[in-house]
Amino acid sequence: MQSQTKRRLTAQQLDALLRESAGTGCRLEAELTDGWFNTAYRVLLDDGRPAIVKLAPPAEVPVLRYERGIMNTEAMVYRRVGADPAGIPMPELLFAGDDFLAISVLEGTPWDTVSDVLPATAQSALRHELGRITARLHSLKTEDGSFGYPAPESGLSAPDWRGAFTAMVEAILDDAARWESPLGISPADVRTLVAEGGYALDEVTEPRLVHFDLWPGNVFVDGSGARVTGLIDHERAFWGDPAAELISLAFGGDTGPGSELVTGYTEAGGQLGSGPALQHRLALYRLYLGLILVVECGPRGYDTERLAHCRGTLDGWVSDLRELG
(Lines give C-alpha, C1' and ligand atoms only; values in the text may rest on other atoms or scores of the structure.)
Protein backbone atom coordinates (compact mmCIF):
# COMPACT_ATOMS: atom_id res chain seq x y z
CA MET A 1 0.00 0.00 0.00
CA GLN A 2 1.33 3.42 -0.99
CA SER A 3 1.31 5.99 1.79
CA GLN A 4 3.01 9.32 2.39
CA THR A 5 4.08 8.10 5.84
CA LYS A 6 6.42 5.45 4.45
CA ARG A 7 10.18 5.98 4.70
CA ARG A 8 12.20 4.08 2.13
CA LEU A 9 15.91 3.28 2.30
CA THR A 10 18.29 1.80 -0.24
CA ALA A 11 19.98 -1.51 0.50
CA GLN A 12 23.12 0.39 1.44
CA GLN A 13 21.27 2.75 3.79
CA LEU A 14 19.47 -0.13 5.47
CA ASP A 15 22.74 -1.98 5.99
CA ALA A 16 24.34 1.17 7.44
CA LEU A 17 21.38 1.74 9.80
CA LEU A 18 21.69 -1.72 11.30
CA ARG A 19 25.48 -1.60 11.52
CA GLU A 20 25.38 1.69 13.38
CA SER A 21 22.44 0.88 15.66
CA ALA A 22 22.59 -2.88 16.14
CA GLY A 23 26.19 -3.79 15.36
CA THR A 24 25.31 -6.06 12.46
CA GLY A 25 24.79 -5.57 8.76
CA CYS A 26 22.20 -7.05 6.45
CA ARG A 27 21.39 -7.92 2.86
CA LEU A 28 18.10 -6.58 1.54
CA GLU A 29 15.85 -9.28 0.10
CA ALA A 30 12.52 -7.52 -0.52
CA GLU A 31 10.21 -4.71 0.54
CA LEU A 32 6.97 -5.95 2.11
CA THR A 33 4.25 -3.83 0.56
CA ASP A 34 1.12 -4.89 2.46
CA GLY A 35 1.50 -2.39 5.30
CA TRP A 36 -0.34 0.94 5.46
CA PHE A 37 1.87 3.06 7.71
CA ASN A 38 5.43 1.86 8.30
CA THR A 39 7.89 0.60 5.72
CA ALA A 40 8.94 -3.02 6.15
CA TYR A 41 11.81 -4.94 4.56
CA ARG A 42 12.75 -8.59 4.67
CA VAL A 43 16.51 -8.87 5.15
CA LEU A 44 19.17 -11.47 5.83
CA LEU A 45 21.37 -10.48 8.76
CA ASP A 46 25.12 -11.00 8.61
CA ASP A 47 24.83 -13.96 11.00
CA GLY A 48 22.47 -15.73 8.58
CA ARG A 49 19.19 -15.03 10.37
CA PRO A 50 16.26 -13.78 8.28
CA ALA A 51 14.55 -10.74 9.78
CA ILE A 52 11.92 -8.09 9.16
CA VAL A 53 13.02 -4.47 9.60
CA LYS A 54 10.27 -1.90 10.19
CA LEU A 55 10.95 1.80 9.73
CA ALA A 56 8.92 4.56 11.38
CA PRO A 57 7.88 7.52 9.20
CA PRO A 58 10.44 10.29 8.75
CA ALA A 59 10.48 12.74 11.65
CA GLU A 60 9.26 15.60 9.44
CA VAL A 61 6.22 13.70 8.14
CA PRO A 62 3.00 14.56 10.02
CA VAL A 63 1.19 11.71 11.74
CA LEU A 64 -1.91 11.51 13.88
CA ARG A 65 -1.44 12.30 17.55
CA TYR A 66 -2.03 8.75 18.75
CA GLU A 67 0.63 7.57 16.27
CA ARG A 68 3.42 9.51 17.97
CA GLY A 69 5.96 7.10 19.43
CA ILE A 70 4.10 3.96 18.37
CA MET A 71 7.24 2.21 17.13
CA ASN A 72 8.37 2.11 20.76
CA THR A 73 4.94 0.76 21.72
CA GLU A 74 5.44 -2.21 19.42
CA ALA A 75 8.88 -2.87 20.87
CA MET A 76 7.38 -2.69 24.37
CA VAL A 77 4.82 -5.35 23.50
CA TYR A 78 7.49 -7.70 22.18
CA ARG A 79 9.55 -7.20 25.32
CA ARG A 80 6.60 -7.83 27.64
CA VAL A 81 5.60 -11.00 25.81
CA GLY A 82 9.21 -12.16 25.59
CA ALA A 83 9.58 -11.78 29.36
CA ASP A 84 6.34 -13.62 30.11
CA PRO A 85 5.21 -15.38 26.93
CA ALA A 86 2.12 -17.12 28.40
CA GLY A 87 1.61 -18.94 25.12
CA ILE A 88 1.26 -15.83 22.95
CA PRO A 89 2.86 -16.55 19.55
CA MET A 90 4.56 -13.57 17.94
CA PRO A 91 7.93 -12.61 16.45
CA GLU A 92 11.01 -12.18 18.60
CA LEU A 93 12.35 -8.66 18.97
CA LEU A 94 15.93 -8.72 17.69
CA PHE A 95 16.89 -5.03 17.73
CA ALA A 96 15.08 -1.76 18.35
CA GLY A 97 15.85 1.94 18.00
CA ASP A 98 13.75 5.09 18.20
CA ASP A 99 12.79 4.88 14.54
CA PHE A 100 13.16 1.20 13.63
CA LEU A 101 12.93 -2.32 14.93
CA ALA A 102 14.02 -5.73 13.65
CA ILE A 103 12.01 -8.86 14.41
CA SER A 104 12.29 -12.53 13.55
CA VAL A 105 10.41 -13.97 10.58
CA LEU A 106 7.26 -15.87 11.46
CA GLU A 107 6.41 -19.27 10.07
CA GLY A 108 3.30 -19.27 7.90
CA THR A 109 1.39 -16.59 6.03
CA PRO A 110 -1.14 -13.84 6.81
CA TRP A 111 -4.59 -15.34 7.34
CA ASP A 112 -6.27 -13.01 4.83
CA THR A 113 -4.15 -14.39 1.99
CA VAL A 114 -5.36 -17.98 2.48
CA SER A 115 -8.84 -17.56 3.96
CA ASP A 116 -10.55 -18.24 0.62
CA VAL A 117 -9.01 -21.70 0.33
CA LEU A 118 -9.34 -22.88 3.92
CA PRO A 119 -12.29 -25.18 4.70
CA ALA A 120 -14.92 -24.03 7.15
CA THR A 121 -13.74 -26.49 9.79
CA ALA A 122 -10.22 -25.05 9.68
CA GLN A 123 -11.55 -21.48 9.87
CA SER A 124 -13.66 -22.38 12.90
CA ALA A 125 -10.73 -24.01 14.69
CA LEU A 126 -8.49 -21.03 13.96
CA ARG A 127 -11.07 -18.61 15.34
CA HIS A 128 -11.30 -20.68 18.51
CA GLU A 129 -7.52 -20.69 18.87
CA LEU A 130 -7.29 -16.97 18.17
CA GLY A 131 -9.80 -16.36 20.95
CA ARG A 132 -7.62 -18.27 23.41
CA ILE A 133 -4.50 -16.39 22.29
CA THR A 134 -6.28 -13.05 22.60
CA ALA A 135 -7.34 -13.86 26.15
CA ARG A 136 -3.71 -14.55 27.04
CA LEU A 137 -2.67 -11.26 25.44
CA HIS A 138 -5.23 -9.49 27.61
CA SER A 139 -3.68 -10.97 30.72
CA LEU A 140 -0.86 -8.42 30.37
CA LYS A 141 -1.30 -5.48 32.75
CA THR A 142 0.24 -2.03 32.76
CA GLU A 143 2.88 -1.40 35.39
CA ASP A 144 1.58 2.01 36.53
CA GLY A 145 -2.15 1.36 36.35
CA SER A 146 -2.83 4.00 33.69
CA PHE A 147 -5.17 3.71 30.72
CA GLY A 148 -4.56 4.86 27.14
CA TYR A 149 -1.63 4.83 24.74
CA PRO A 150 1.75 3.82 26.24
CA ALA A 151 3.93 6.26 24.28
CA PRO A 152 4.45 9.44 26.30
CA GLU A 153 4.79 11.40 23.04
CA SER A 154 1.06 11.08 22.47
CA GLY A 155 0.07 12.41 25.89
CA LEU A 156 -3.01 10.19 25.74
CA SER A 157 -3.20 8.42 29.08
CA ALA A 158 -5.33 8.86 32.19
CA PRO A 159 -5.97 7.12 35.51
CA ASP A 160 -9.42 5.92 34.39
CA TRP A 161 -10.81 4.50 31.15
CA ARG A 162 -13.46 7.17 30.59
CA GLY A 163 -10.80 9.87 30.85
CA ALA A 164 -8.36 8.07 28.57
CA PHE A 165 -10.94 7.20 25.92
CA THR A 166 -12.35 10.73 25.94
CA ALA A 167 -8.82 12.10 25.41
CA MET A 168 -8.28 9.62 22.55
CA VAL A 169 -11.44 10.84 20.84
CA GLU A 170 -10.53 14.50 21.41
CA ALA A 171 -7.13 13.89 19.83
CA ILE A 172 -8.61 12.43 16.65
CA LEU A 173 -11.09 15.32 16.48
CA ASP A 174 -8.15 17.75 16.69
CA ASP A 175 -6.46 15.83 13.88
CA ALA A 176 -9.68 16.01 11.87
CA ALA A 177 -9.72 19.79 12.21
CA ARG A 178 -6.06 19.98 11.18
CA TRP A 179 -6.66 17.93 8.04
CA GLU A 180 -10.16 19.31 7.34
CA SER A 181 -11.46 15.77 7.30
CA PRO A 182 -15.03 15.31 6.00
CA LEU A 183 -16.40 13.42 9.00
CA GLY A 184 -20.08 13.89 8.26
CA ILE A 185 -20.69 14.50 11.97
CA SER A 186 -19.86 17.57 14.02
CA PRO A 187 -17.27 17.43 16.82
CA ALA A 188 -20.01 18.53 19.23
CA ASP A 189 -22.17 15.55 18.27
CA VAL A 190 -19.22 13.17 18.67
CA ARG A 191 -18.57 14.56 22.15
CA THR A 192 -22.24 14.13 23.05
CA LEU A 193 -22.23 10.50 21.93
CA VAL A 194 -19.11 9.77 23.99
CA ALA A 195 -20.52 11.54 27.06
CA GLU A 196 -23.76 9.54 26.79
CA GLY A 197 -21.71 6.35 26.97
CA GLY A 198 -19.77 7.44 30.03
CA TYR A 199 -21.68 5.11 32.33
CA ALA A 200 -20.59 2.15 30.19
CA LEU A 201 -16.95 3.25 30.03
CA ASP A 202 -16.91 3.53 33.82
CA GLU A 203 -17.50 -0.23 34.09
CA VAL A 204 -13.89 -0.78 32.91
CA THR A 205 -11.70 -0.53 36.00
CA GLU A 206 -8.54 -2.46 35.11
CA PRO A 207 -6.37 -1.65 32.06
CA ARG A 208 -5.36 -4.58 29.88
CA LEU A 209 -3.23 -4.67 26.74
CA VAL A 210 -5.46 -4.25 23.67
CA HIS A 211 -3.92 -4.81 20.21
CA PHE A 212 -6.80 -3.01 18.41
CA ASP A 213 -5.64 -4.12 14.95
CA LEU A 214 -6.24 -7.87 14.91
CA TRP A 215 -7.75 -8.13 11.45
CA PRO A 216 -6.72 -11.29 9.51
CA GLY A 217 -3.78 -9.56 7.83
CA ASN A 218 -2.06 -9.28 11.22
CA VAL A 219 -2.67 -12.92 12.17
CA PHE A 220 -0.30 -15.53 10.71
CA VAL A 221 -1.36 -19.14 10.21
CA ASP A 222 0.60 -22.17 9.02
CA GLY A 223 0.34 -23.44 5.47
CA SER A 224 -2.46 -25.90 6.18
CA GLY A 225 -4.45 -23.48 8.33
CA ALA A 226 -4.14 -25.83 11.28
CA ARG A 227 -2.86 -23.28 13.81
CA VAL A 228 -2.10 -19.64 14.47
CA THR A 229 1.66 -19.07 14.24
CA GLY A 230 1.81 -15.46 15.40
CA LEU A 231 0.38 -11.97 15.82
CA ILE A 232 2.12 -8.95 14.27
CA ASP A 233 1.90 -5.14 14.11
CA HIS A 234 1.37 -4.25 17.76
CA GLU A 235 2.20 -0.56 17.40
CA ARG A 236 -1.41 0.61 17.84
CA ALA A 237 -1.85 -1.19 21.14
CA PHE A 238 -3.21 0.63 24.17
CA TRP A 239 -4.09 -0.11 27.78
CA GLY A 240 -7.84 -0.29 28.04
CA ASP A 241 -11.00 -2.35 27.74
CA PRO A 242 -10.41 -5.91 26.45
CA ALA A 243 -13.80 -5.76 24.71
CA ALA A 244 -12.38 -3.15 22.31
CA GLU A 245 -10.45 -6.00 20.70
CA LEU A 246 -13.69 -7.32 19.22
CA ILE A 247 -13.84 -4.38 16.81
CA SER A 248 -10.88 -5.42 14.65
CA LEU A 249 -11.45 -9.13 15.29
CA ALA A 250 -14.87 -8.74 13.66
CA PHE A 251 -13.18 -8.11 10.30
CA GLY A 252 -12.27 -11.81 10.35
CA GLY A 253 -15.64 -13.27 11.32
CA ASP A 254 -18.30 -13.57 13.98
CA THR A 255 -17.48 -12.15 17.42
CA GLY A 256 -20.90 -12.65 18.98
CA PRO A 257 -21.46 -14.34 22.36
CA GLY A 258 -21.75 -17.83 20.89
CA SER A 259 -18.99 -17.49 18.31
CA GLU A 260 -15.96 -19.76 18.15
CA LEU A 261 -13.71 -16.80 18.92
CA VAL A 262 -15.53 -15.71 22.07
CA THR A 263 -15.90 -19.33 23.17
CA GLY A 264 -12.12 -19.79 22.95
CA TYR A 265 -11.61 -16.46 24.68
CA THR A 266 -13.77 -17.28 27.69
CA GLU A 267 -12.37 -20.84 27.94
CA ALA A 268 -8.93 -19.27 28.35
CA GLY A 269 -10.14 -17.04 31.17
CA GLY A 270 -10.97 -13.89 29.21
CA GLN A 271 -13.79 -11.64 30.38
CA LEU A 272 -15.59 -9.18 28.10
CA GLY A 273 -18.65 -8.15 30.08
CA SER A 274 -22.23 -8.37 28.85
CA GLY A 275 -25.52 -6.55 28.52
CA PRO A 276 -26.41 -3.06 27.27
CA ALA A 277 -23.26 -1.45 28.72
CA LEU A 278 -21.01 -3.77 26.70
CA GLN A 279 -22.97 -3.08 23.52
CA HIS A 280 -22.71 0.67 24.17
CA ARG A 281 -18.94 0.46 24.64
CA LEU A 282 -18.52 -1.58 21.45
CA ALA A 283 -20.47 1.04 19.52
CA LEU A 284 -18.21 3.77 20.95
CA TYR A 285 -15.10 1.85 19.92
CA ARG A 286 -16.47 1.48 16.38
CA LEU A 287 -17.05 5.24 16.34
CA TYR A 288 -13.44 5.82 17.37
CA LEU A 289 -12.06 3.47 14.73
CA GLY A 290 -14.33 5.02 12.10
CA LEU A 291 -12.99 8.48 12.93
CA ILE A 292 -9.43 7.21 12.60
CA LEU A 293 -10.13 5.59 9.23
CA VAL A 294 -11.45 8.84 7.78
CA VAL A 295 -8.91 11.21 9.32
CA GLU A 296 -5.83 9.14 8.42
CA CYS A 297 -6.70 9.53 4.72
CA GLY A 298 -5.33 13.09 4.98
CA PRO A 299 -1.76 12.60 6.20
CA ARG A 300 -1.36 9.36 4.25
CA GLY A 301 -2.52 10.86 0.97
CA TYR A 302 -5.15 8.23 0.16
CA ASP A 303 -7.34 8.70 -2.90
CA THR A 304 -10.98 9.77 -2.99
CA GLU A 305 -12.22 6.20 -3.45
CA ARG A 306 -10.56 5.11 -0.21
CA LEU A 307 -11.89 8.19 1.59
CA ALA A 308 -15.44 7.51 0.38
CA HIS A 309 -15.24 3.92 1.59
CA CYS A 310 -14.06 5.05 5.04
CA ARG A 311 -16.77 7.72 5.22
CA GLY A 312 -19.40 5.09 4.47
CA THR A 313 -18.06 2.90 7.27
CA LEU A 314 -18.08 5.79 9.74
CA ASP A 315 -21.60 6.85 8.72
CA GLY A 316 -22.92 3.37 9.41
CA TRP A 317 -21.25 3.11 12.79
CA VAL A 318 -22.51 6.56 13.83
CA SER A 319 -26.06 5.51 12.92
CA ASP A 320 -25.70 2.32 14.97
CA LEU A 321 -24.50 4.27 17.99
CA ARG A 322 -27.34 6.79 17.73
CA GLU A 323 -29.87 3.97 17.63
CA LEU A 324 -28.53 2.72 20.96
CA GLY A 325 -29.19 6.14 22.44
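A: An axis is a line fitted to C-alpha atoms, for helices over the stretch in contact, and angles run from 0 to 180 degrees between N-to-C directions. The model is predicted: local features need pLDDT of at least 70 and side-chain atom pairs pLDDT 80 or more, while totals for chains, interfaces and linings use all residues. Residues are numbered from 1 along each chain as its sequence is written, and side-chain values use heavy atoms, without hydrogens and water.

The axes of helix α3 (residues 120-137) and helix α8 (residues 260-267) come within 7 Å and cross at roughly 40°; helices (H or I, at least four residues) and strands (E, at least two) are DSSP runs numbered from the N terminus. Helix α3 is therefore oblique to α8 (under 35 degrees is roughly parallel, over 145 roughly antiparallel, 65 to 115 roughly perpendicular, the rest oblique). On the α3 side, the contact (heavy atoms within 4.5 Å) is made by Ser-124, Arg-127, His-128, Leu-130, Gly-131, Arg-132, Thr-134 and Ala-135. Their partners in α8 are Glu-260, Leu-261, Thr-263, Gly-264, Tyr-265 and Glu-267. By class, this contact of α3 with α8 holds four nonpolar, six polar and four charged residues (Ala, Val, Leu, Ile, Met, Phe, Trp, Tyr, Cys and Pro are nonpolar, Asp, Glu, Lys and Arg charged, the others, Gly among them, polar).

A second pair is formed by helix α9 (residues 275-295) and helix α11 (residues 304-324), which pack at an angle of about 160° with their axes 9 Å apart. Because of that angle, α9 is roughly antiparallel to α11. Residues of α9 that take part include Gln-279, His-280, Ala-283, Leu-284, Arg-286 and Leu-287. Among those they meet in α11 are Arg-306, Leu-307, Cys-310, Trp-317 and Leu-324. The contact of α9 with α11 comprises 14 nonpolar, four polar and three charged residues.

The loop between α9 and α10 (297-300) contains Glu-296. With 6% relative accessibility, Glu-296 counts as buried (under 20% relative accessible area is buried, over 50% exposed, in between partly exposed, with a 1.4 Å probe and protein chains only). Leaving aside residues up to four places away in sequence, Glu-296 touches Leu-64, Tyr-302 and Arg-306. Arg-306 is also one of the α11 residues in the contact with α9.

From α4, the residues Phe-165, Thr-166, Val-169, Glu-170 and Leu-173 meet Pro-187, Val-190, Arg-191 and Val-194 of α5. Six nonpolar, one polar and two charged residues make up this contact of α4 with α5.

The surroundings of α4 extend the picture. Its buried residues are Trp-161, Ala-164, Phe-165, Met-168, Val-169, Ala-171, Ile-172, Leu-173, Asp-175 and Ala-176. Besides α5, these buried residues pack against β7 (147-148), β8 (157-158), α6 (198-201), β12 and α9.

The buried residues of α2 are Ile-70, Met-71, Thr-73, Glu-74, Ala-75, Met-76, Val-77, Tyr-78 and Val-81.
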